[in-house]
Amino acid sequence: MSKNASTQNKVIVVGAGVAGLCVASELLDNGFITTVIDRQSKPGPKSCSWWAGGMLAPFCESESAEPSVLKFGQFAATWWQEKTGLVRQNGSLVIANNRDHADLQRFAKLTQNHVSLNQQQVSALEPDLDGRFVRGLYYQSEAHLSPRDALNKLRENLLIRGAKFLTQQVDPQELGKQHLVIDCRGIKAKSSTKGLRGVKGEMLILRCPDINLQRPIRLLHPRIPLYIVPRGNNVYMIGATMIESGARKYATARSVMELLSAAYAVSPSFGEAEILEIGVDSRPAFSDNLPKVRHQGNVITANGLYRHGFLLAPTLAKMVTQYLVDEVEPEWFESSLSN
Ligand SMILES: Cc1cc2nc3c(=O)[nH]c(=O)nc-3n(C[C@H](O)[C@H](O)[C@H](O)COP(=O)(O)OP(=O)(O)OC[C@H]3O[C@@H](n4cnc5c(N)ncnc54)[C@H](O)[C@@H]3O)c2cc1C
């Protein structure tokens, strides 16, 4: 970074999704004068973070993720609770239909920190599943939050602590000619960020007065794996597809039908649910599905949160801030920036 930019304690964060807000929070904690610029005036549907499930489930995710997701993800619930007070620590429940018992066994083998449940124990945890599932896995230490509430709360706290927010569409490279910039634009940085790709995710928000679930439920299924995240007041986020595509405008009829039919398999009560929203966005990801910190000139890029935005953004933010403070390259540091 240029001497001018680095010696001033001022930083501009471009992007106020989960990455940008977490980075801004850590910067403020470390005494940086922080300005956040986003094209939206407040958290909203133009950021991928708006559509997330909000599961803080490092053990479940470790079934298919790199080891560092488990290593760093375990710290997320505490961070979010400290910063927002909105974390619900009710664990996660993983279930499968009887014919998919082998999938549940496989999932158990690949993950840690769970207990196996029989039919009575599954029913005791979630009575509204009506005894339909004869086995389950319970990850008691896992948590969840409502992403939209958490983003709003974090932003509100940043304002109170002195961060400045501007509404503008900007080019981080241009800003970097005069300022120290952290580029947290998510998938919008694709054209200038080597190796960044989009993984399309579709989801629905349902209101279902007939069912009252306490914790995220994951249904293992060979074709349509599903999770259901309670948002309170009988509202549920159900998701999410994982499609190698940068498309982020429309959900397909097939995806919506599959998500709804999987929810119906968890409980026929979902058949009576009202569909409040159908959401879609493209998760920013690198080839190993791990985030990266890159540095060129006055611009540091923090991107690639993939399906682990709320789970890994606190660690990504700490890595960026630590790098600014002591210039030691963090675990997720990579050297090249542009295509
Ligand atoms: C359906 C779905 C379910 C998911 N579920 C989970 C989950 O349960 N748990 C979890 O941890 N993660 C989940 N994720 C992943 C998570 O949502 C993403 O990893 C995360 O949102 C990426 O955050 P980001 O801040 O990098 O990008 P974004 O949230 O997209 O933020 C980028 C911001 O930059 C702004 N911006 C872009 N260009 C400019 C510009 N030129 N000038 C100014 N501002 C700009 C945008 O307006 C936006 O606000 C899910 C994702 C999807 C799609």
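T34 touches V11, V13, A24, L27, L28, A163 and K164, leaving aside residues up to four places away in sequence; touching, or contact, here means heavy atoms within 4.5 Å. This is a predicted model, where local features need pLDDT of at least 70, side-chain atom pairs count only at pLDDT 80 or more, and totals for chains, interfaces and linings use all residues. Residues are numbered from 1 along each chain as its sequence is written, and side-chain values use heavy atoms, with hydrogens and water left out.

**Around T34**
- You'll find T34 in strand 2; helices (H or I, at least four residues) and strands (E, at least two) are DSSP runs, numbered from the N terminus.
- T34 counts as buried because its relative accessibility is 2%, and buried means under 20% relative accessible area, with exposed over 50% and partly exposed in between (1.4 Å probe, protein chains only).
- A polar atom of the T34 side chain sits 3.1 Å from the backbone oxygen of F32.

**The nonpolar cores**
- A nonpolar core is a set of buried Ala, Val, Leu, Ile, Met, Phe, Trp, Tyr and Cys residues joined through side-chain atoms within 4.5 Å.
- The largest one here has 49 residues, and L56, W80 and I182 have the most contacts inside it.
- Among the elements that each supply at least two residues of this core are strand 1 (10-14), helix 2 (18-29), helix 8 (147-160) and helix 11 (309-326).
- Helix 11 gives the largest share of this core, 10 residues.
- Apart from this core lies another, of 27 residues, including L93, L129, L206 and I211.
- As for L56, its contacts include W80, H144, F310 and L311, not counting residues up to four places away in sequence.

**Around the ligand**
- The ligand is surrounded by 39 residues, the closest being D38, S49, V170, Y306 and F310; to belong, a residue needs a heavy atom within 4 Å of the ligand.
- Helix 11 supplies the largest share of this shell, three residues.
- By class, the shell has 20 nonpolar, 13 polar and six charged residues.
- A polar side-chain atom of Y227 lies 3.3 Å from a ligand nitrogen atom.
- On its own, the ligand has 1,000 Å² of accessible area, and the protein covers 98% of that (Shrake-Rupley method, 1.4 Å probe).

How values were computed: Polar contact = N/O pair within 3.5 Å; in protein donor to acceptor, adjacent residues only side chain to side chain. Nonpolar A, V, L, I, M, F, W, Y, C, P; charged D, E, K, R; others polar.
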